[in-house]
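Have a look at the sequence and the model first, and then read on.

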Amino acid sequence: MIDFPVSTLVHRRLPKDAFYKHLHLSAALKSSFVSDVEELSVANSLTKKNLNLEKETNTKEILLLAIILKKKAFDGKIIEVIARQNPHKLVFLLSYEQEARLAVYHKKLYYSAWMPEDDIELTLSGSTLDAIWDDLVRQIALHSPSVEQRTEPLEQQLKHQDEIDRLNKLIKKTEAAAWKEVQPKKRFAIYTRLQEYKQKLEEITHGET
């Protein structure tokens, strides 16, 4: 459940053709936008005023943009382009049939996992829009308990999460290579590299929080 105050509700549908014409898109991305996106709407607008916040911050407005997709395997560059070319902070709610996932762009694109629509969770926490934005990014981008538990700034948390994701991909790729390799010396070298990756992952996930 996306637990945002009633005061933030917008539910304003955005005409798709008019929307993408205001974006600087390559021909390929324009084609992807037309073929991948069914409908767009602004679901919520978070501002200092409608959240009754006292302190003014750099972040002036956060929008929850709901996008209904025509297919699950969509072009993620569409989301990145929308986020980078919009002056507001954007959180995306992506829906396909009965499933949904969240996305946010913070120097790079982060996603939550696909899940049943009713299982999507997103809450507001923070006394300023800057703090609320950071927490929204955390809720979407962080998925390793060891990183979520760290008492450190958002940028450091994201750095650790990115490194964990990178190492997990390397471990999976290296394990597959080890299974395929038939020469003992090469297999040993691959296993040695695999243990190095696993050791690095252990240090990050079980280091000090």
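This is a predicted model: local features need pLDDT of at least 70, side-chain atom pairs count only at pLDDT 80 or more; totals for chains, interfaces and linings use all residues.

Residues are numbered from 1 along each chain as its sequence is written, and side-chain values use heavy atoms, with hydrogens and water left out.

**The whole chain**

The chain has seven helices and nine strands. Helices (H or I, at least four residues) and strands (E, at least two) are DSSP runs, numbered from the N terminus. Along its principal axes, the C-alpha trace spans about 65 × 40 × 30 Å.

Of the 209 residues, 43% count as buried. Buried means under 20% relative accessible area, exposed means over 50%, and partly exposed is in between, using a 1.4 Å probe and protein chains only. The chain exposes about 12,600 Å², with carbon and sulfur atoms supplying 51% of it; such areas come from the Shrake-Rupley method with a 1.4 Å probe, and for residues only the protein chains shown count as cover.

Contact here means heavy atoms within 4.5 Å.

**The largest pocket**

Rolling a probe the size of a water molecule over the atoms shows where empty space is left. On a 1 Å grid over the protein atoms alone, a pocket is an open set of points where a 1.4 Å probe fits, with protein on both sides within 12 Å along at least five of seven lines, and lining residues have an atom within 4 Å of a point. The largest pocket has a volume of about 230 Å³, where grid points are joined across faces, edges and corners and the volume is the space filled by probe spheres set on the points.

Which residues line the largest pocket? They are Lys108, Leu109, Tyr110, Tyr111, Ala141, His143, Asp162, Asp165, Arg166, Asn168 and Lys169. The elements giving two or more residues to this lining are β7 (109-111) and α6 (154-180), and α6 brings the largest share, five residues. By type, the lining has four nonpolar, two polar and five charged residues. In this count Ala, Val, Leu, Ile, Met, Phe, Trp, Tyr, Cys and Pro are nonpolar, Asp, Glu, Lys and Arg are charged, and the others, Gly among them, are polar.

**An aromatic pair**

The structure holds one aromatic pair. Phenylalanine 74 and tyrosine 111 have ring centres 6.2 Å apart and planes at 75°, so the pair is edge-to-face. For the record, rings of Phe, Tyr and Trp (its six-membered ring) pair if their centres lie within 6.5 Å, with planes under 30 degrees apart counted as stacked, over 60 as edge-to-face and the rest as tilted. Phenylalanine 74 sits in the loop between β4 (61-69) and α3 (77-84) and tyrosine 111 in strand β7, so the pair ties together parts that are 37 residues apart in sequence.

**Two residues in touch**

Alanine 100 is found in strand β6 (residues 99-105). Leaving aside neighbours within four places in sequence, alanine 100 contacts Leu93, Leu94, Ser95, Ala113, Trp114, Met115, Glu117 and Ile120. Isoleucine 120 is in the loop between β8 (115-116) and β9 (122-123). Not counting residues up to four places away, isoleucine 120 touches Met1, Ile2, Leu93, Ala100, Arg101, Leu102 and Met115.

**Positive phi, and a loop residue**

Most residues other than glycine have a negative phi, and most peptide bonds are trans. Histidine 11, in strand β2 (residues 9-14), has a positive phi of about 50° although it is not a glycine. Lysine 107, in the loop between β6 and β7, has a positive phi near 75°.

Asparagine 58 is in the loop between β3 (37-47) and β4.

| Residue | Relative accessibility | Class |
|---|---|---|
| Alanine 100 | 2% | buried |
| Isoleucine 120 | 3% | buried |
| Phenylalanine 74 | 14% | buried |
| Tyrosine 111 | 25% | partly exposed |
| Histidine 11 | 59% | exposed |
| Lysine 107 | 67% | exposed |
| Asparagine 58 | 72% | exposed |
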